[in-house]
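I opened this notebook to record what I looked up in the structure. The entries start with one residue and then turn to the whole chain.

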Amino acid sequence: MLVLGLMSGTSMDGLDCCLSNIDIDKNNEISFEIIDSTTYPYTEKIKIAIIELIKNKNFNNNYLNDLLGMFFLNKTKLFLKNKKINLISSHGQTVSHQDGEYSIQIGNPKFMSEYYKVPVIYDFRFNDIENNGSGAPLVPYLDWVLFKNHNKNVIAINIGGISNVTYIPKKSLESNVLGFDMGPGMCLIDLYVRLNWDMNFDSDGFFASKGKINNNLLKRLMNNRFIYKKPPKSTSVEEFNINFLNSLIGEFNKINKYDFLRTLVNFTACTIMKNIELHINPIVRNNEFKVVVSGGGVKNKKLMNDLKNILSIDDISEINYDGINIDNKESFLMCLLGITAFKRIPNNMPSVTGANKKIVCGRIYE
């Protein structure tokens, strides 16, 4: 089945598109070919509107829902170039998420449904939350499908706006998989760069490389309670938003901007290390394992150097699996979630989210 997967993640930087020929059976045995993938950056107008909506809940949600829906349609037209497809799977842009209570994604699917006349699957978190799950993260299902027959234990780290992790024991049952959000990935880093350099991100960690880690700020950051919370757990950029950042800037106003940024980068690495140390290491201690990293954070060289140094793991690499890479992994995830929802194959992970049963997540726009 030719499936178009659309993902706009917690980094809020744009729309990731992946076109794949994919099939999966009820035993979660998958076959796929990635035909094409790309990313379309958000316009400045859209990015500002998303940030404003996350910061200010009185912002016009309906306006932005339609604005994003039209943006998604226009970019899929450019991406597909009149290629025929069977199914569209669109995550939408998360603008509010409360662990285990609700999760709101916007990007009205009606425009794509009306134009393409194919099923459009959306709203992938609601059913899990309705069944006492946290609704996030979603990516552990893909990690397990890809690595469940691996001959090593696998720790898959994804560094988007929020960082999350999946632990897949070698040759594992789905019920043995562990996954959870760890805390800020790139969200605070990108916000700070936007404030101080009027750029969307720190390319290759260039600005961060000019600074030094401030231990007082790092200690303050590492006091965040979410880091130490036991799984299942999920969070969102609204918990680590511009208000959160501004309060830190006010508290540590004598730190120069390069040192502040350098500390934020190290904080992300330390957050990942602490979560693995607390919640995964007791399980995998004395066992051989590999680490696979994905997400936009991989492109920040300073962050990746910090991560490798702090984790002290030899076998660590970027995701590179039959055409799945750091740029298209999450949009391919949507292809997987879309086809499983369409075929009514359960695609949530109770061992990850805490849901009380396996269930199909995602509904067809009607």
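In which helix is Asn127 found? I worked from a predicted model, and there I found Asn127 in helix α4, which covers residues 126–130.

I then listed the contacts of Asn127, leaving aside residues up to four places away in sequence. Asn127 touches Ile359, Val360, Cys361 and Gly362. I also checked Asn127 against Ala355: the two are 228 residues apart in sequence, yet their C-alpha atoms lie 9.4 Å apart in space.

I turned to the protein as a whole. I noted 14 helices and 12 strands. Of the contacts between residues at least 6 apart in sequence, 73% join residues at least 24 apart.

For the overall dimensions, I recorded a C-alpha trace that spans about 55 × 50 × 35 Å along its principal axes. The radius of gyration is 20 Å; a compact globule of 366 residues would have one near 21 Å, so the value agrees with that expectation.

Buried residues account for 60% of the 366 residues. The protein exposes about 15,700 Å², and 47% of this area is supplied by carbon and sulfur atoms.

I recorded 42 positive and 37 negative side chains, with the centres of the two sets 2 Å apart.

Note on methods:
Residues numbered from 1 in each chain as written. Predicted model: local features only at pLDDT ≥ 70, side-chain atom pairs only at ≥ 80, totals over all residues. Heavy atoms only, no water. Helix = DSSP H or I, 4+ residues; strand = E, 2+ residues; numbered from the N terminus. Rg over C-alpha atoms; globule rule 2.2 N^0.38 Å. Buried < 20%, exposed > 50% of the residue type's maximum accessible area, 1.4 Å probe, protein only. Contact = heavy atoms within 4.5 Å. Areas by Shrake-Rupley, 256 points an atom, 1.4 Å probe, with all protein chains shown as cover. Lys, Arg positive; Asp, Glu negative; His and termini not counted. Charge placed at Lys NZ, Arg CZ, Asp CG, Glu CD.
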